[in-house]
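I opened my notebook to look through one protein model.

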Amino acid sequence: MLAVVSICGIVFSLYHYLLIIIFLVGIIIYAQFNLLTKKKYIKAVIWGSILIIAFMVSEVNCTVKDNERGQYLSKLTDGESVYVFGRIYKSEYKNNSYSYYLKSNSGFKILIYSDNDILSVGDCPTIKGKIHKFSSATNDGEFNQEEFYYSQMILFRLEPEKIVKLDKQIFNFEKAIYVFKDELANSLHKISDGEELGALCTMLLGEKSLLSKDMKEAYQDAGISHILAISGLHISLVGIGIYGFMRKRRAGFVCAMIVAGSIAYIYYFMSGCAISTERALFMFFLTMIAQTIGRSNDMLNSLGISILIIYQWMN
């Protein structure tokens, strides 16, 4: 039901008045067949209406954020020098350069490129740099860099000129996970090298910097590039595996759920926080909650709830 309602909510948000009228007419026709006299049908209609409204509110929320982003960008000029302040929540190394993702106090995100390793996850820098806006697609089928980064709430790319101020934290959760990720990558390096190392780091840790362009194209040509992405399969193997292991050791439902959920979240964060992994993580949590309270889990309903959470609160 939730999966169907999620689609209806998004469609309703795009075609407000026409489909709302159709929805109301449908309820009237439904009532004419005297089906609403049964409590289960009344409950289904009420919950369906609430969820559709929730998805419509989510669409309005996204529209407001898009307008705020547009107004903010309209005040900026490509190549203009600005000062930005925020927290580094993610870092990557690829193509012989470092990429840092900064989340500002206003909630928007900024991508920072540097040839040198100047920042760490968890740092709170004030940086002076030049703005470089993302390019939009000019031909049909061309990669749209602007939409790709805007979907992640990343406004522009910053070319750093000077770090005005840098507040480093002695210890933080994000940095500890990245250090642990580096240790795992070093362990893989001891047992493999070359193309094999790049494939292992990509499939297990979500670290694509060691995967060569030729190897990536080889996976794409074979039609199996999806196995390089961290998704539901990985979360299931990690989360369900640990949960099952603890249950076999006679751990309680709640204890097993907390431990498995915590490790699954750490793996999600370590692998780069991709949207597919995020969806799988929420579905995993719902599966654990259902088992803990003695209820059966429906995959489509879990998918619908996950979409609602991501659509409403994560974007």
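**Entry 1: strand partners**

I began with Phe85 and found that Phe85 stands opposite Thr126 in strand 4. I am working with a predicted model, so I keep that in mind throughout.

I then checked how the strands around this position pair. Strand 1 covers residues 81-94 and strand 4 covers residues 124-132. The two strands run antiparallel and share five bridges.

Strand 1 also pairs with strand 2, residues 97-104. I noted eight bridges there, again in the antiparallel sense. In this pairing, Ile88 stands opposite Leu102 of strand 2.

What lies between strand 1 and strand 2 in their hairpin? I found two residues between the strands. Asn95 in this hairpin takes a positive phi near 55°.

**Entry 2: Thr126**

I went back to Thr126, which has its place in strand 4. Is Thr126 buried or exposed? Its relative accessibility is 18%, and the limit for buried is under 20%, so Thr126 counts as buried.

Next I listed what Thr126 touches, leaving out residues up to four places away in sequence. The list holds Val84, Phe85, Lys162, Ile163, Val164 and Lys165. I looked at Lys162 again. Lys162 is 36 residues from Thr126 along the chain, yet their C-alpha atoms are separated by 8.8 Å.

**Entry 3: aromatic pairs**

I turned to the rings. A pair of aromatic rings is described by the distance of the centres and the angle of the planes.

How many aromatic pairs are there? I counted six, taking ring centres within 6.5 Å as a pair. One of them joins Tyr98 and Tyr100, with ring centres 6.3 Å apart and planes at 10°, so I wrote this pair down as stacked. Tyr98 is partly exposed at 23% relative accessibility. Tyr100 is buried, with a relative accessible area of 1%.

Then I looked at Phe148 and Tyr149. Their ring centres are 5.1 Å apart and their planes are at 80°, so this pair is edge-to-face. Phe148 is partly exposed at 39% relative accessibility. Tyr149 is at 11% and counts as buried. I also saw that ring pairs link Phe148 and Tyr149 with Phe134 into a cluster.

**Entry 4: charges over rings**

The charged end of Lys90 sits over the ring of Tyr101, 5.0 Å from the ring centre. The charged end of Arg247 sits over the ring of Phe253, at 3.9 Å from the centre.

**Entry 5: cysteines**

How many disulfides does the structure hold? I found zero. I still checked two cysteines for cover. Cys124 is buried at 16% relative accessibility. Cys255 is partly exposed, with a relative accessible area of 40%.

**Entry 6: the whole protein**

Last, I took the overall numbers. The protein has 11 helices and five strands. It has 315 residues, and buried residues make up 35% of them.

I then checked contacts between residues at least 6 apart in sequence. Of these, 63% join residues at least 24 apart. The accessible surface comes to about 18900 Å². Carbon and sulfur atoms account for 61% of that surface.

How values were computed: Residues are numbered from 1 along each chain as its sequence is written. This is a predicted model: local features need pLDDT of at least 70, side-chain atom pairs count only at pLDDT 80 or more; totals for chains, interfaces and linings use all residues. Side-chain values use heavy atoms; hydrogens and water are left out. Rings of Phe, Tyr and Trp (its six-membered ring) pair if their centres lie within 6.5 Å; planes under 30 degrees apart count as stacked, over 60 as edge-to-face and the rest as tilted. Buried means under 20% relative accessible area, exposed over 50%, partly exposed in between (1.4 Å probe, protein chains only). A charge sits over a ring if NZ of Lys or CZ of Arg is within 6 Å of the ring centre and within 35 degrees of the ring normal. Two strands pair if DSSP finds at least two bridges between them. Helices (H or I, at least four residues) and strands (E, at least two) are DSSP runs, numbered from the N terminus. A disulfide is a pair of cysteine sulfur atoms within 2.5 Å. Contact means heavy atoms within 4.5 Å. Accessible areas come from the Shrake-Rupley method with a 1.4 Å probe; for residues, only the protein chains shown count as cover.
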